[in-house]
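Trainee: I would like to learn how to read strands and loops in a model. Please show me the structure first.

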Amino acid sequence: MASAQSSAPPSGVEIVGSGSAIPEKRLTNADLERVMDTSDEWIVQRTGIHERRVIDHERETLGAYALEAGQKALADAGMAPTDIDMVMVATMTPDMPTPGIASVLTHQLGMGTIGAMDLNAACSGFVYGMNFANAAIQSGMARNILLVGADAITRHIDYSTYGRGAAILFGDAAGAVVVRATDRSGPGLLAQAMHSDGGGAEVLYVPCMPHHIPEEQGQDDRKITKVQMNGQAVFRFAVKTFPQLIEETLEMVGLGADDVQHYVCHQSNRRILQAARDRFGLAEDKLHVNIGELGNTVAASVPLVFDELRRAGRVEPGHRVMFLGFGAGLTWGSSLWQI
């Protein structure tokens, strides 16, 4: 087990490994057409999604996918589980209220008694986690961190016409990165921003009791434990906030949009991502999109994109990568790194 103490702040912080775990089960638009009033054309036009992956909730756990993604990230980094001295899991859908996925994960990986915690910032969770991982390493709290983003949101989806606004969007998955201290100067966090607005909580939430539902939305037992979303309000929030967040982050370090090689964005809706491309004149290869095949995978969304880029050999030393997330809470955040 690696020591959680550091005698001096590191010169840099680097991302050295990544991994993904994606369920085999596909839920296509044709599948949804059979259980609700919708169509492939309608879904693709509004979201860009053709299919999404879904965990078998009767037989599988989200923790198993977090474990697989973490193992792949460690192997990619060429590190042993005992090299890690902190584990963080960004999720809003743990298998149980307690224990957290992170704590169980340390035991499954044989990491000993290192610190572990789950972090819930919904779709922004992994981006928040990147900022906290950097801070933990820079402060000397840890030197090697395994950060996982994992969600099984389909557990909270109503697959009927009543719940189709959310049903067409979401999928399940897990993604992970290994972040570690380095004596090399250069790599690490350049700028970050984290925001929240609880005043917008009622436009995207999962009520657990009847009194969690605002009176103006009407009481209905079908809403309990299911994602409730005002799609138009969430869309307006994202379209407005997304470019503002990019501008805010770039201004912190005096960079232009073209100075960033990759925008690794939460995959919420293809139209929202395209609006950001158009606003900043970004080439398609600067803002990767995989929502068509995976749907919106909440906290797993950002690490899945990053892992795809790394496995394709598109992320190179010296590249600037901006991680971006926005979602329920309402929350939104950025994390700009030099690789």
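Trainee: How many bridges join β11 to β12, and do they run parallel or antiparallel?

Mentor: Keep in mind that this model is predicted. Look for bridges between the two strands, then compare their directions. Here four bridges join β11 to β12, and the two run parallel.

Trainee: Which way do the residues of β11 point?

Mentor: In strand β11 (residues 262–265), H262 and V264 point one way, while Y263 and C265 point the other way. All of them are buried.

Trainee: Which strands are joined to β7, and how do they run?

Mentor: Take one partner at a time. Strand β1 (residues 12–21) is joined to β7 by nine bridges, and they run antiparallel. In that pair, A21 stands opposite A174. Strand β6 (residues 144–151) is joined to β7 by eight bridges, again antiparallel. There, G149 stands opposite G175.

Trainee: How many residues of β7 are buried?

Mentor: Nine of the 10 residues in β7 (residues 173–182) are buried, so the strand is mostly covered, buried being under 20% relative accessible area.

Trainee: Where does A328 lie, and why does A328 count as buried?

Mentor: A328 lies in the loop between β12 (320–327) and β13 (331–338). Buried means under 20% relative accessible area. A328 has 18% relative accessibility, so A328 counts as buried.

Trainee: Which residues does A328 touch, not counting residues up to four places away in sequence?

Mentor: With those left out, A328 touches A121, A122 and L204. As for distance, the C-alpha atoms of A328 and Q338 are separated by 28 Å, with the two residues 10 apart along the chain.

Note on methods: Residues numbered from 1 in each chain as written. Predicted model: local features only at pLDDT ≥ 70, side-chain atom pairs only at ≥ 80, totals over all residues. Heavy atoms only, no water. Buried < 20%, exposed > 50% of the residue type's maximum accessible area, 1.4 Å probe, protein only. Pairing = 2+ DSSP bridges. Contact = heavy atoms within 4.5 Å.
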